[in-house]
2 protein chains.
Amino acid sequence: MKIENLHDLFLHTLQDIYYAEQHIIKALPKMIKTADSKALAKAFEAHLEETKEHVKRLDETFKLLEEKPKATKCPAIDGILKEAEELMSEIKDPDTRDAAMIAAAQAVEHYEITRYGTLVSWAGQLDLGPAAKLLSQTLKEEYAADEKLTKLAESKLNQEAAE
Amino acid sequence: MKIENLHDLFLHTLQDIYYAEQHIIKALPKMIKTADSKALAKAFEAHLEETKEHVKRLDETFKLLEEKPKATKCPAIDGILKEAEELMSEIKDPDTRDAAMIAAAQAVEHYEITRYGTLVSWAGQLDLGPAAKLLSQTLKEEYAADEKLTKLAESKLNQEAAE
């Protein structure tokens with residue numbers, strides 16, 4: 001796909017985050033299974049459901065643009081998930097592994113926050129009001145998911161790992 | 001390096017962000033050269049100087065831990081910078097390319113925000129007060145850099161690309 005203007009770039013970034021969301025859906029079940037803390041497993045489960053909803057919203061956004069939903073390879077999310085995968089299999093201590101998984105999940109959230117933030121801003125500038133609204137909704141949920149992970153990290157989990 | 005507890009994980013993550021900062025220093029000169037907007041080039045230049053300072057602070061942090069500064073390969077930043085590089089060379093329209101570069105730089109900032117955020121939190125839990133202080137200072141500057149890019153993106157730049 002040739003990127004000649006902001007509309008093309010918007011579409012390309014939409015395809016990038018579409019790929020990212022799909023790979024997050026593939027990665028989460030292992031994280032749910034590996035989490036030692038029940039609260040963490042529950043948070044990942046809730047986020048899996050939310051992520052499925054985000055994909056649906058992206059489908060709707062493509063529809064609004066009269067484009068077929070398409071994923072374009074996103075080396076950034078591949079790298080973030082690869083790091084998470086490596087740490088999950090390397091760390092044997094359950095509390096330390098949970099701390100690493102929270103950090104990995106927060107890196108994922110921040111990647112999504114930056115991409116959706118950019119998409120919302122561009123949608124506004126391209127006068128794509130309904131698309132901006134859908135993307136804003138997801139952006140809000142990604143911020144909330146990150147906040148939830150921060151709270152989990154700062155409560156019991158890391159304190160156990162530090163003992 | 002075997003990760004057996006939160007202290008090991010803290011050190012590993014420090015090595016990860018050390019690698020990331022060094023690769024950002026390598027990537028920025030091309031971004032400065034490629035930027036069409038003078039304000040954007042100036043923002044990248046300022047961030048290059050700031051990033052060099054962040055590396056120095058990481059050197060100090062390693063010293064506080066009585067560890068030699070070491071970088072560990074970070075697939076996440078590699079992926080983020082690879083995407084940035086690809087977009088920079090693919091997009092010919094200067095305004096659209098600037099918009100893509102701002103988005104890429106914000107993805108970098110958010111990666112740093114999440115990693116430094118985690119490190120500050122862990123440093124607190126590990127009772128590493130002086131390290132937490134150094135890392136907090138960098139975290140604050142990464143937030144400010146991201147904010148600066150948002151303002152640049154929402155002002156002139158993207159509007160030009162949308163025309």
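The largest pocket in this predicted model holds about 450 Å³ of space. Its lining counts 26 residues, and those lying nearest the centre of the pocket are H110(A), D146(A), T150(A), I113(B) and Y143(B). Four helices each supply at least two residues of this lining: α4 and α5 (129-162) of chain A, and α4 (94-125) and α5 (129-162) of chain B. The largest share, eight residues, comes from α4(B). By class, the lining of the largest pocket has 11 nonpolar, 10 polar and five charged residues.

Two of the helices that line the pocket, α4(A) and α4(B), also pack against each other. Their axes come within 9 Å and cross at roughly 150°. An angle over 145 degrees counts as roughly antiparallel, so α4(A) is roughly antiparallel to α4(B). The crossing of this pair is right-handed. On the chain A side, the residues that meet α4(B) are A99(A), A100(A), A103(A), Q106(A), A107(A), H110(A), Y111(A), I113(A), T114(A), R115(A), T118(A) and W122(A). On the chain B side, the residues that meet α4(A) are A99(B), A100(B), A103(B), Q106(B), A107(B), H110(B), Y111(B), I113(B), T114(B), R115(B), T118(B) and W122(B). The contact of α4(A) with α4(B) comprises 14 nonpolar, eight polar and two charged residues. H110(A) and I113(B) take part in this contact, and both are among the residues nearest the centre of the largest pocket.

Within chain A, helix α4 (residues 94-125) also packs with helix α2 (residues 38-64), at an angle of about 20° and with the axes 13 Å apart. Because angles under 35 degrees count as roughly parallel, α2(A) is roughly parallel to α4(A). Here α2(A) passes α4(A) in a left-handed crossing. From α2(A), the residues in contact are L40(A), F44(A), H47(A), H54(A) and L58(A). They meet D98(A), M101(A), I102(A), A105(A), E109(A), E112(A) and Y116(A) of α4(A).

In chain B, helix α1 (residues 6-34) and helix α2 (residues 38-64) pack at about 155°, with their axes 9 Å apart. That angle makes α1(B) roughly antiparallel to α2(B), and the crossing is left-handed.

| α4(A) with α4(B) | 14 residues | eight residues | two residues |

Technical notes:
Residues numbered from 1 in each chain as written. Chains lettered and ligands numbered in written order. Predicted model: local features only at pLDDT ≥ 70, side-chain atom pairs only at ≥ 80, totals over all residues. Heavy atoms only, no water. Axes fitted to C-alpha atoms, helices over the stretch in contact; angles between N-to-C directions. Parallel < 35°, antiparallel > 145°, perpendicular 65-115°, else oblique. Left-handed = near helix turned anticlockwise from the far one by under 90°. Contact = heavy atoms within 4.5 Å. 1 Å grid on protein atoms, 1.4 Å probe; cavity = no way out; pocket = protein on both sides within 12 Å on 5 of 7 lines; lining within 4 Å. Points joined across faces, edges and corners; volume = space filled by probe spheres on them. Nonpolar A, V, L, I, M, F, W, Y, C, P; charged D, E, K, R; others polar.
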